[in-house]
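Reader: I am new to this one and would like to go through its side-chain pairings slowly. Could you show me the sequence and the structure before we start?

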Amino acid sequence: MKRIHFFILVISFMGLFMPCNFNAQTQKEITADPLPSWNQTETKQTIINYVAKVTKEGTADFIPEEDRIATFDNDGTLWAEQPIVQVEFVFYQIAKLLKEKPELAKQQPYKAVAEKDEAYLKKMSTAELIVLVNAAQANRTSEEFQQQVKEFFANFKYPKRNSKLTQIRYQPQLELIQYLHQNKFKVFICTGGTVDFVRVISKEFYGIEPERVIGSSNKYIYKDSININDLYLTPKMISLNDKQEKPANILLNIGKRPVLACGNEGGGGDVYMLRYSQGSNYPSLQLLVNHNDKEREYEYYEKPDVSLTRAKEYKWTVISMKDDWKTVFSPQ
């Protein structure tokens, strides 16, 4: 009996330091503690109780596998968003573009990028940011764009932490995704970032197949001639996947409501995704990450505090980064 207890202790301890293995695993491989990087709090128990309840056959709360849909925001929910990774990619791309077309540096918002005017860049409007996003990826084939994204991820170090982008992922969330996969949930990313950007790394970073990424999108045009047979990104954004647009795109891409939805407090962009999931005919769970850990991550709040206000009003489960997570960032 002592050997068995010792073995379980060793396995649980190893789980704190080993990177998530996203290969298919059987139910026998699920450890006694499926979420080792989470503290033993009410939040953790709520998640475990929910998964146990909806996967128990023969009960009123059972959800068939085909309807176990979970959606996660990305920025601030699966990895850090201070600053936003794709915005850093856009600046990275624009810097290269300005070397080819230096005349653009006379115009805003290109001028702010060229001069590294942080004050201007922080206050930049959504419309100006979209101009840069479009310029950073337009007039490229999907393959060309994917290659540029891979180059960025290989070379870029995350500001403030000077770390690889794999190391700004939230370890507790990686475990949660794996736990849901083990219990036959279909997990989707529903992000404000562009779908073409996030799909490049979704499998490697989160174990989520590219076809299960929903995001902002630009229009493609198909070119066909003797020497060309490909799709090209255009500078026309057709969907900004934020706020009310998120549930609309979930229905468009999945055709079903999620029964579990997880977003974060910070920009109010996930409120409607969580509300949409709450309308499911099945038992549902809404999770909201609260960035309240200034020591290990960052501390910031919305003005006005829409997300936490809605969480209280609709009885969502708030994940306190400070209290609920034993560790924050992935070591790998």
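Reader: How many salt bridges does the structure hold?

Author: The structure holds seven salt bridges, where a salt bridge is a side-chain nitrogen of Lys or Arg within 4 Å of a carboxyl oxygen of Asp or Glu. This is a predicted model, in which local features need pLDDT of at least 70 and side-chain atom pairs count only at pLDDT 80 or more, while totals for chains, interfaces and linings use all residues. Residues are numbered from 1 along each chain as its sequence is written, and side-chain values use heavy atoms, with hydrogens and water left out.

Reader: Which residue does Asp67 meet in a salt bridge?

Author: The partner of Asp67 is Lys256, at 2.8 Å from N to O. Asp67 lies in the loop between helix H2 (42-54) and strand S1 (69-72), and Lys256 in the loop between helix H11 (245-253) and S5, so the pair ties together parts that are 189 residues apart in sequence. Helices (H or I, at least four residues) and strands (E, at least two) are DSSP runs, numbered from the N terminus.

Reader: Is Asp67 buried or exposed?

Author: Asp67 is buried, because its relative accessible area is 15%, whereas Lys256 is partly exposed at 31%. Buried means under 20% relative accessible area, exposed over 50%, and partly exposed in between (1.4 Å probe, protein chains only).

Reader: And what about Lys246, which residue does its side chain meet in a salt bridge?

Author: Lys246 meets Asp270, with 2.6 Å from N to O. Lys246 lies in helix H11 and Asp270 in the loop between S5 and H12, so this pair ties together parts that are 24 residues apart in sequence. Lys246 counts as buried at 1% relative accessibility, and Asp270 is buried as well at 4%.

Reader: What else does Asp270 touch?

Author: Leaving out residues up to four places away in sequence, Asp270 touches Asp73, Thr77, Lys246, Gly263 and Asn264, where contact means heavy atoms within 4.5 Å.

Reader: Where is Arg296 in all this, and what is its salt-bridge partner?

Author: Arg296 forms a salt bridge with Asp293, and their closest N and O atoms are 2.7 Å apart. Arg296 is partly exposed at 28% relative accessible area, while Asp293 counts as buried at 4%. Elsewhere, salt bridges that share partners join Asp73, Lys246 and Asp270 into one network.

Reader: Changing topic, how many aromatic pairs are there?

Author: The count comes to 17 aromatic pairs, where rings of Phe, Tyr and Trp (its six-membered ring) pair if their centres lie within 6.5 Å, and planes under 30 degrees apart count as stacked, over 60 as edge-to-face and the rest as tilted. The rings of Phe152 and Phe197, for instance, have centres 6.4 Å apart and planes at 50°, so that pair is tilted. Phe152 lies in helix H7 (residues 142-155) and Phe197 in helix H9 (residues 195-198), so the pair ties together parts that are 45 residues apart in sequence.

Reader: Why is the pair of Phe153 and Phe205 edge-to-face?

Author: The pair is edge-to-face because the ring planes of Phe153 and Phe205 are at 85°, with their centres 5.5 Å apart. This pair links distant parts of the chain, with Phe153 in helix H7 and Phe205 in helix H10 (residues 202-206), 52 residues apart.

Reader: Which residues form the aromatic cluster?

Author: One aromatic cluster is formed by Trp79, Phe89, Tyr92, Phe145, Phe152, Phe153, Phe156, Phe197, Phe205 and Tyr206.
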